[in-house]
Each structure stands twice: as C-alpha cells, then as structure tokens.
Amino acid sequence: MSIATAALVATGLLTSSSLFVLMPTMDKIDESRVAKAILAAPGWARVGISAPKEGTREAAAQELALTIAKMVGERPSAIDPNQLALAL
C-alpha cells in the first residue's frame with residue numbers, strides 16, 4: 001500500500017472496501033507529486049502531524065490527506081487535447 005493510500009485510509013477518506021476499486025490506478029501515483037502535495041499543505045498541518053494532542057494530529061492528518069488527494073488526483077497538465085474524457 002502506498003503512503004498516499006495509507007494516509008487516505010487512516011483519515012477515513014478511503015475505506016478498505018473501496019481500495020480494490022482504486023488499486024489499479026493507485027500505482028500511477030508519482031512520488032514527486034505526493035512530495036509536492038505535502039509541501040503545498042498548510043504549515044499548521046505539516047507541523048500539527050507531530051503535535052502532542054491527538055485531536056490536533058488527527059486534524060492535521062485530515063488536512064494533509066485532503067491536500068494529497070487533491071493534488072495527486074489532478075490530471076497532469078500535458079494531456080492530449082484530442083483524447084476523449086470518459087465518465088467513470
């Protein structure tokens with residue numbers, strides 16, 4: 001399981017029952033994009049992940065997971081304009 005997947009499961013954004021649906025696409029995650037997403041997260045979330053209070057750590061993990069999910073889920077900017085987008 002990738003770090004991004006584990007983060008999404010840990011925060012409840014991704015359930016273990018939905019993992020089997022996403023696994024074929026999860027191997028396409030670029031580690032450099034995840035790293036950029038972590039650095040793009042709010043500073044309080046990056047610091048808060050190691051806070052002594054459990055509530056703060058959970059809120060920080062949620063924020064980091066949301067930022068990673070948003071940035072990793074974005075399509076790369078170099079998409080062929082002739083490629084048709086198919087609904088899932």
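Q: Where is Thr67 placed?
A: Thr67 sits in helix H5, which covers residues 54–73; helices here are DSSP runs (H or I, at least four residues), strands likewise (E, at least two), numbered from the N terminus. This is a predicted model, in which local features need pLDDT of at least 70 and side-chain atom pairs count only at pLDDT 80 or more, while totals for chains, interfaces and linings use all residues. Residues are numbered from 1 along each chain as its sequence is written, and side-chain values use heavy atoms, with hydrogens and water left out.

Q: Is Thr67 buried or exposed, and why?
A: Thr67 counts as buried because its relative accessibility is 11%, and buried means under 20% relative accessible area, exposed over 50% and partly exposed in between (1.4 Å probe, protein chains only).

Q: Which residues does Thr67 touch, not counting those up to four places away in sequence?
A: Thr67 touches Ala37, Ala40, Ala41 and Pro42, where contact means heavy atoms within 4.5 Å.

Q: Which residues of H3 meet H5?
A: On the H3 side they are Arg33, Val34, Lys36, Ala37, Ile38 and Ala40, and they meet Leu64, Thr67, Ile68, Met71 and Val72 in H5.

Q: OK, switching to the whole chain, how many helices and strands are there?
A: The protein chain has 5 helices and 0 strands, and from the N terminus on its elements run α-α-α-α-α.

Q: And what share of the residues is buried?
A: Of the 88 residues in the protein chain, 22% are buried. As for contacts between residues at least 6 apart in sequence, 52% of them join residues at least 24 apart.
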